[in-house]
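Q: Can you walk me through this one? I'd like to start with the packing and then go through the charged pairs.

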Amino acid sequence: MAALDDDLLLERYKHVLAQMARIDENAHKFLTLYQGTTTAIVTGILALWLGHTKLGVAPELARFGVIAALLMVVGVGVVTMVLLVVGALAWMDYRREEVALTAGAGRFTRSAGRWSNFWRWQETYMVALVAVVSLLVVVMGIAWVLPSLEG
């Protein structure tokens, strides 16, 4: 029975490590998705801003479209940040489970993750990047694009 217990613990440990790796991969996927979506939205804003007269779009309608696109940038940014934070929370939970699984392994021990080390996590900088880029896009849209679309 002891061998079965050891095998189950080993399999659970492998599962925990795989989940932690998957969470790290997902963080990069979320950032890539944010980058692609935001780039497409900003391209649409620029096309509408620079080409609304050629396209036959009234300035009021172009202004409305730009405001909607800026709100989409904010929405995509918020969703991305939430996904990254949730991933960090899940990673911390798996780290604590990993520590519990390895507690009885003899010489091999790991300390539990600490929230005070958040500045060392890649997710912290990813969230900051998404927040800064989203804020810059909105500020530039409000400061430059919208005033030029006054009817």
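What follows is a short chat about cores, contacts, a surface patch and salt bridges.

Q: What kind of model is this, and how are residues numbered?
A: This is a predicted model: local features need pLDDT of at least 70, side-chain atom pairs count only at pLDDT 80 or more, and totals for chains, interfaces and linings use all residues. Residues are numbered from 1 along each chain as its sequence is written, and side-chain values use heavy atoms, with hydrogens and water left out.

Q: Which residues make up the largest nonpolar core?
A: Twelve residues in all, including Ile-41, Leu-48, Val-66, Val-73, Val-137 and Leu-149. A nonpolar core here is a set of buried Ala, Val, Leu, Ile, Met, Phe, Trp, Tyr and Cys residues joined through side-chain atoms within 4.5 Å. Buried means under 20% relative accessible area, exposed over 50%, partly exposed in between (1.4 Å probe, protein chains only).

Q: Which elements give two or more residues to this core?
A: Helix H1 (2–55), helix H2 (59–102) and helix H3 (122–148). H2 gives the most, with five residues. Helices (H or I, at least four residues) and strands (E, at least two) are DSSP runs, numbered from the N terminus.

Q: What does Leu-149 touch?
A: Trp-49, His-52, Pro-59, Ala-62, Arg-63 and Val-66, not counting residues up to four places away in sequence. Contact means heavy atoms within 4.5 Å.

Q: And what does the second core include?
A: That separate core has five residues, among them Val-16, Met-20, Trp-91 and Tyr-94.

Q: Switching to Ser-134. Buried or exposed?
A: Ser-134 is buried, at a relative accessible area of 8%. Ser-134 sits in helix H3.

Q: What does the side chain of Ser-134 make a polar contact with?
A: The side chain of Tyr-34, at 2.7 Å. A polar contact is a pair of N or O atoms within 3.5 Å; within protein, one must be able to donate a hydrogen and the other to accept it, and residues adjacent in sequence count only if both atoms are side-chain atoms. Leaving aside neighbours within four places in sequence, Ser-134 is in contact with Tyr-34, Val-73 and Gly-77.

Q: Now the surface. Which residues make the nonpolar patch?
A: Val-74, Val-78, Val-82 and Val-86, covering about 300 Å². Patches take residues with over 30% relative accessible area and no salt bridge; like charges are joined within 9 Å, nonpolar side chains (Val, Leu, Ile, Met, Phe, Trp, Tyr) within 5 Å. Areas come from the Shrake-Rupley method with a 1.4 Å probe; for residues, only the protein chains shown count as cover. Val-78 lies in helix H2 and is partly exposed at 40% relative accessibility.

Q: How many salt bridges does the structure hold?
A: Three. The cut-off is a side-chain nitrogen of Lys or Arg within 4 Å of a carboxyl oxygen of Asp or Glu.

Q: Where do Glu-11 and Lys-14 lie?
A: Both lie in helix H1, three residues apart, about one turn of the helix.

Q: What does Arg-12 form a salt bridge with?
A: Glu-97, with the closest N and O atoms 2.5 Å apart. This pair links distant parts of the chain: Arg-12 in helix H1 and Glu-97 in helix H2, 85 residues apart. Arg-12 is partly exposed at 33%, and Glu-97 is partly exposed at 23%.

Q: And which residue does Glu-150 meet in a salt bridge?
A: Arg-63, at 3.1 Å, N to O. Glu-150 is in the segment after H3 and Arg-63 in helix H2, 87 residues apart. Arg-63 is partly exposed, with a relative accessible area of 26%.
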